[in-house]
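I opened a new page for this chain and meant to look things up one at a time. My notes follow in the order I made them.

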Amino acid sequence: MSEKPKDQVAVADDAGDEIRPTDIVFDCPHCGHNLAIDYRGAGLQIRCVACEMPTLVPIPEGMTVTDLDLSSGELLAQLFQTRGVLNKREQQIAELSQALDSVKARRSELERSRMTTLHRYAELVNMCQSITRAQADITTTLNRMLTLIAEEQQR
């Protein structure tokens, strides 16, 4: 059976996770979700897997925080593991920052294109309105011409 890192929280009712006798099983005080974590997580603040709220892992009766002290070798191993995780997260942050910059640049391009399209649309609306006015003027002029012709024919 492989050992979970101490900051990994298992959900006690998930079929894939096995609750060990050394696990601390408790309910999230915010949402009541059942959580389980290795005993070395006692006294730590974690985030509930269900509601994401910070939750303090209870210290079991009869245990003190000093019972959890690790040897220097274990601390060093955890430090290296934490540095590795930190390095991966920093790489992910850099990749996400690049992706965000790319999305921002694309958004700016699309916004410029949108503004150009809106300006062109406004120009077309103005042209259509000018044509409509010209047609009205032509209709008015033709009606006046027809009236004059009719008057001339009656004389």
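**Contacts along the chain.** I looked at contacts between residues at least 6 apart in sequence, and 30% of these join residues at least 24 apart. I note here that the model is a predicted one. For one pair I checked the C-alpha atoms: those of Ala 36 and Ile 19 are separated by 7.2 Å, while the two residues are 17 apart along the chain. Ala 36 sits in strand E3. I looked up its accessibility and found 0%, so Ala 36 counts as buried.

**Elements.** I listed the secondary structure next. The protein chain has 1 helix and 5 strands. Read from the N terminus, the order is β-β-β-β-β-α, and I wrote down that the helix, H1, covers residues 72–154.

**Surface and burial.** I then asked what share of the 155 residues is buried. The share is 14%. The accessible surface of the protein chain is about 12400 Å². Carbon and sulfur atoms account for 56% of that surface.

**Nonpolar core.** I looked for the largest nonpolar core and found 9 residues in it. They are Ile 24, Phe 26, Cys 28, Leu 35, Ile 37, Ala 42, Ile 46, Cys 48 and Val 57. Strands E2 and E3 each give at least two residues to this core.

**Nonpolar patch.** I also looked for nonpolar residues on the surface. Leu 76, Leu 79 and Phe 80 form a patch there, and together they have about 280 Å² of accessible area. I took Leu 76 as the one to follow up, and its place is in helix H1.

**Salt bridges.** How many salt bridges does the structure hold? I found 6. As background, I noted that side chains of opposite charge can pair when their charged atoms come close. I looked at some of the pairs in turn.

I began with Glu 111 and Arg 114, which form a salt bridge whose closest N and O atoms are 2.9 Å apart. Both residues lie in helix H1, and they are 3 residues apart, about one turn of the helix. Arg 114 has a relative accessible area of 46%, so it is partly exposed. Glu 111, at 36%, also counts as partly exposed.

I went on to Glu 152 and Arg 155. Their salt bridge has its closest N and O atoms 4.0 Å apart. I checked both residues, and both are exposed.

I took the members pair by pair.

Arg 20 forms a salt bridge with Asp 23, and the closest N and O atoms are 3.3 Å apart. I located Arg 20 in the loop between strand E1 (9–11) and strand E2 (23–27). Is Arg 20 buried or exposed? Its relative accessible area is 11%, and the cut-off for buried is under 20%, so Arg 20 is buried. Asp 23 has a relative accessibility of 9%, so it counts as buried too.

I then turned to Asp 38. A polar contact of 3.2 Å joins its side chain to that of Arg 20. The side chain of Asp 38 also makes a polar contact with the side chain of Arg 40, at 2.8 Å. I placed Arg 40 in the loop between strand E3 (34–38) and strand E4 (45–47).

**Backbone angle.** My last check was on phi. Most residues other than glycine have a negative phi. For Glu 52, I found a phi near 70°, which is a positive value in a residue other than glycine. Glu 52 lies in the loop between E4 and strand E5 (54–56).

Methods. Residues are numbered from 1 along each chain as its sequence is written. This is a predicted model: local features need pLDDT of at least 70, side-chain atom pairs count only at pLDDT 80 or more; totals for chains, interfaces and linings use all residues. Side-chain values use heavy atoms; hydrogens and water are left out. Helices (H or I, at least four residues) and strands (E, at least two) are DSSP runs, numbered from the N terminus. Buried means under 20% relative accessible area, exposed over 50%, partly exposed in between (1.4 Å probe, protein chains only). Contact means heavy atoms within 4.5 Å. Accessible areas come from the Shrake-Rupley method with a 1.4 Å probe; for residues, only the protein chains shown count as cover. Patches are made of residues with over 30% relative accessible area and no salt bridge: like charges are joined within 9 Å, nonpolar side chains (Val, Leu, Ile, Met, Phe, Trp, Tyr) within 5 Å. A salt bridge is a side-chain nitrogen of Lys or Arg within 4 Å of a carboxyl oxygen of Asp or Glu. A polar contact is a pair of N or O atoms within 3.5 Å; within protein, one must be able to donate a hydrogen and the other to accept it, and residues adjacent in sequence count only if both atoms are side-chain atoms. A nonpolar core is a set of buried Ala, Val, Leu, Ile, Met, Phe, Trp, Tyr and Cys residues joined through side-chain atoms within 4.5 Å.
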